[in-house]
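Have the viewer open as you read.

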Amino acid sequence: MKESKKNLGSAKYGAHHWWHQRVTAVALTFLCIWLIISLTLLTGSSYDAAYNWLKHPLVTGLSILVVVFTIYHLSLGLQVIVEDYIHTEITKVITLMLINFSCLLLGLTCCLSILFVFFGGN
Amino acid sequence: MEKTRPLSPHLSIYRWQISMILSILHRITGVGLGIGTLMISYWFISIASGPKSYSTAQWFFDSILGKILIFGFTLSLVFHLLNGIRHLFWDIGLGFEISTSKKSGWTVVMLTFIFTLIIWLSAYIIKNTYE
């Protein structure tokens, strides 16, 4: 009994937030190095160069991963900050909802843009 | 209950030290990277929206405000990335000794400036080859 409840905490999924933050952090370590190098190489490039770069399946895949992991990591981080500094329950809940909704919208818009280019839009 | 009960931690009574400053900076750069995420998103969306939008985005990123934002973004990203690696080592139980964490902290600070400089110099050279 004690063994099976190990690491779960009183809410049964207490470590999820912490664990997801670390998993996305590890992934982002590598993804961000890739993104920094790519964007440095594309500094001042033409539209065609940027378009053709993004169109490559590997780049499309990595870009979507960067977007998804970044925005998830961002929402987890902002959540901690809100929980630390906002103590009025209703303000806290509304702020968290706004953060999650904005992050979802931003992530969705980015992924659709990336896929649009991949499928030959424009 | 008395209103004057002691609370912790009171930031104002601590002497400023490297571990504390970097910890606070990790949060501040984290929030700043949210703005950076908006800029990268704008860039991705501009590619999907066509050449006209792309050149508008390029004009913005090339403006003085754009350059200041991207410089802050580069600095924040490199710092958050390096200090994040430091945090991950702590998570697996390594580098907790005070002398080690001070050393790794200063290493992060130095490498942040070095890498930011390398990125901007490379970008400057590459941009000139396009023009």
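Phe60(B) comes out as partly exposed, at 23% relative accessibility. On the scale used here, buried is under 20% relative accessible area, exposed is over 50%, and partly exposed is in between (1.4 Å probe, protein chains only). Phe61(B) is at 15%, so that one counts as buried.

The rings of Phe60(B) and Phe61(B) make a pair: their centres are 5.6 Å apart and their planes sit at 55°, so the label is tilted. The rule takes rings of Phe, Tyr and Trp (its six-membered ring) with centres within 6.5 Å; planes under 30 degrees apart are stacked, over 60 edge-to-face, and the rest tilted.

## Where the numbers come from

This is a predicted model, so local features need pLDDT of at least 70 and side-chain atom pairs count only at pLDDT 80 or more, while totals for chains, interfaces and linings use all residues. Residues are numbered from 1 along each chain as its sequence is written, chains are lettered from A and ligands numbered from 1 in the order in which they are written, and side-chain values use heavy atoms, with hydrogens and water left out.

Over all chains, the aromatic rule gives 10 pairs. In one of them, the rings of Tyr47(A) and Tyr54(B) have centres 5.4 Å apart and planes at 70°, so it's edge-to-face. This pair crosses between chains, going from helix α2 (residues 47–55) of chain A to helix α2 of chain B. Helices here are DSSP runs (H or I, at least four residues), numbered from the N terminus.

Tyr47(A) is buried at 11% relative accessibility, and Tyr54(B) is buried too, at 3%. Trp34(A), Trp53(A), Trp43(B) and Phe44(B) form one aromatic cluster.

How much area do chain B and chain A bury between them? The figure is about 2900 Å², with 76% of it on carbon and sulfur atoms. That is the accessible area (1.4 Å probe) lost on putting the two parts together, summed over both. Chain A puts 42 residues into the contact and chain B puts in 31, where contact means heavy atoms within 4.5 Å.

There are two salt bridges between chain B and chain A, each needing a side-chain nitrogen of Lys or Arg within 4 Å of a carboxyl oxygen of Asp or Glu. Arg22(A) forms one with Asp91(B), the closest N and O atoms being 2.7 Å apart.

On the chain B side, the elements giving two or more residues are α1 (18–49), α2 (51–62), α3 (64–91) and α4 (98–130). α1(B) gives the most, with 15 residues.

Thr37(B) lies in helix α1 of chain B and is buried, with a relative accessible area of 11%. Leaving aside neighbours within four places in sequence, Thr37(B) is in contact with Thr70(A), Ile71(A), Leu74(A) and Leu106(A), as well as Phe73(B).

Phe115(B) lies in helix α4 of chain B and is partly exposed, at 35% relative accessible area. With neighbours within four places in sequence set aside, Phe115(B) is in contact with Val78(B) and Leu82(B). Phe115(B) and Phe79(B) are 36 residues apart in sequence and 9.3 Å apart in space, C-alpha to C-alpha.
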